[in-house]
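I opened this notebook to record what I looked up in one protein model. The entries follow the order in which I worked.

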Amino acid sequence: LSADFLMNQSRNAATDSATIVAYNPAGTALLNPGFYASVSNQTLFPKLDEEFKDPDTGLDEKYKNRKIIPAIPHFYMVYNMGNAGIGNLAFSMKGGIIASGGTFDWDGTTALAYTGSHVADTITGFNSAWTTELTSTDIKQTVSSLYFGLGFNAAYSMLSDRVSLSAGAQGITAKDTSDISGKLNFNTPDFGGEWNMDIDSTWERKTKGYNFTFGLDVRPIEKLTIGVRYETEAALRFKYDQDTNDVTSSTTSSGQLIVDLAAEKVKTDALEFKGKTD
């Protein structure tokens with residue numbers, strides 16, 4: 001949740017910068033009085049590979065994503081007011097990407113390759129004369145996911161900064177998208193040879209939610225801080241909005257009815273998203 005985590009991954013009892021809002025919110029009351037701020041960014045260079053193998057047909061395809069994720073930003077601010085009653089009072093704010101945060105471009109999908117293989121097996125199983133094979137896929141898929149959080153905390157120290165407590169809340173906005181287009185290529189000699197399914201499917205899902213954060217720091221002896229942070233789960237219920245979902249078959253042979261039924265099955269079972277999901 002901050003770039004400096006890469007240099008020191010033990011941050012749950014840290015009291016050294018504004019980024020402790022993410023890891024040790026109670027520690028903000030243990031900072032020296034004043035204003036603190038931190039802005040950081042991370043750039044990712046993913047190297048993701050998938051492979052689909054069908055032992056029955058020998059179809060062997062490899063898919064990859066190399067798209068760079070240029071910006072995963074985070075910002076933190078702390079204002080420690082200093083003495084307020086018997087201890088120090090601090091207010092803090094945090095914001096940034098808390099999950100996902102990128103767009104991937106795939107040159108194929110294992111899920112649709114499996115679906116196409118299942119379609120071929122189903123047509124063959126329905127009538128042994130209609131021996132069907134999935135010969136190749138030509139699919140492009142772009143998916144994105146972004147979970148943004150914005151939170152606020154208050155912390156208070158007591159007993160000469162030997163104990164500090166914090167409480168806060170965070171609002172969350174999340175959105176996922178998927179855009180799939182291309183072809184599943186088949187061969188059915190009894191239907192006249194090669195034919196394909198054209199696929200065009202686009203959907204997004206969005207939601208908003210919130211969670212709470214509580215912190216406790218204890219300093220039993222000088223230069224020893226024990227930090228505890230508890231975060232509640234955020235209940236996120238996504239609502240789907242599907243813009244397009246078209247699957248059509250190219251053959252006009254005697255098997256048109258069968259392949260049209262198969263195309264409808266792919267459309268409803270593999271690519272149709274609607275309603276809500278937790």
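**Entry 1: ground rules.** I noted that this is a predicted model, in which local features need pLDDT of at least 70, side-chain atom pairs count only at pLDDT 80 or more, and totals for chains, interfaces and linings use all residues. Residues are numbered from 1 along each chain as its sequence is written, and side-chain values use heavy atoms, with hydrogens and water left out.

**Entry 2: helix α2.** I took helices (H or I, at least four residues) and strands (E, at least two) as DSSP runs, numbered from the N terminus. Helix α2 covers residues 110-126, 17 residues in total. From first C-alpha to last it reaches 24 Å, close to the 24 Å expected at 1.5 Å a residue; the expected span is 1.5 Å times one less than the number of residues.

Which residues of α2 are buried? I found L112, A113, T115, G116, S117, V119, A120 and I123. Here buried means under 20% relative accessible area, exposed over 50%, and partly exposed in between (1.4 Å probe, protein chains only). The buried residues of α2 pack against several elements, among them β6 (133-158), β7 (163-188), β8 (193-218) and α3 (256-270).

**Entry 3: strands around β8.** I counted two strands as paired if DSSP finds at least two bridges between them.

Six bridges join β8 to β9 (residues 226-231), which run antiparallel; the partner of F214 in β9 is Y230.

**Entry 4: nonpolar cores.** I used the rule that a nonpolar core is a set of buried Ala, Val, Leu, Ile, Met, Phe, Trp, Tyr and Cys residues joined through side-chain atoms within 4.5 Å. The largest core has 26 residues, of which I123, F186, M197 and I199 touch the most other members. The elements that give two or more residues to this core are α2, β6, β7, β8 and α3. A second, separate core of nine residues includes A14, A18, V21 and Y23.

I then followed I123. What is I123 in contact with, leaving aside its neighbours within four places in sequence? With contact meaning heavy atoms within 4.5 Å, I listed W130, T132, F191, W195, I258, V259 and A262.

**Entry 5: salt bridges.** A salt bridge is a side-chain nitrogen of Lys or Arg within 4 Å of a carboxyl oxygen of Asp or Glu. By this rule I recorded twelve salt bridges.

- D49 and R66 meet at 3.1 Å, N to O. D49 lies in strand β2 and R66 in the loop between β3 and β4 (69-84), so the pair ties together parts that are 17 residues apart in sequence.
- K183 and D198 meet at 2.3 Å, N to O. K183 lies in β7 and D198 in β8, so this pair ties together parts 15 residues apart in sequence. K183 is partly exposed at 31% relative accessibility, and D198 is partly exposed at 26%.
- D269 and K265 meet at 3.2 Å, N to O. Both lie in helix α3, four residues apart, about one turn of the helix, and both are exposed.

Lastly, I noted that D4, R11 and D16 are linked in a network of salt bridges.
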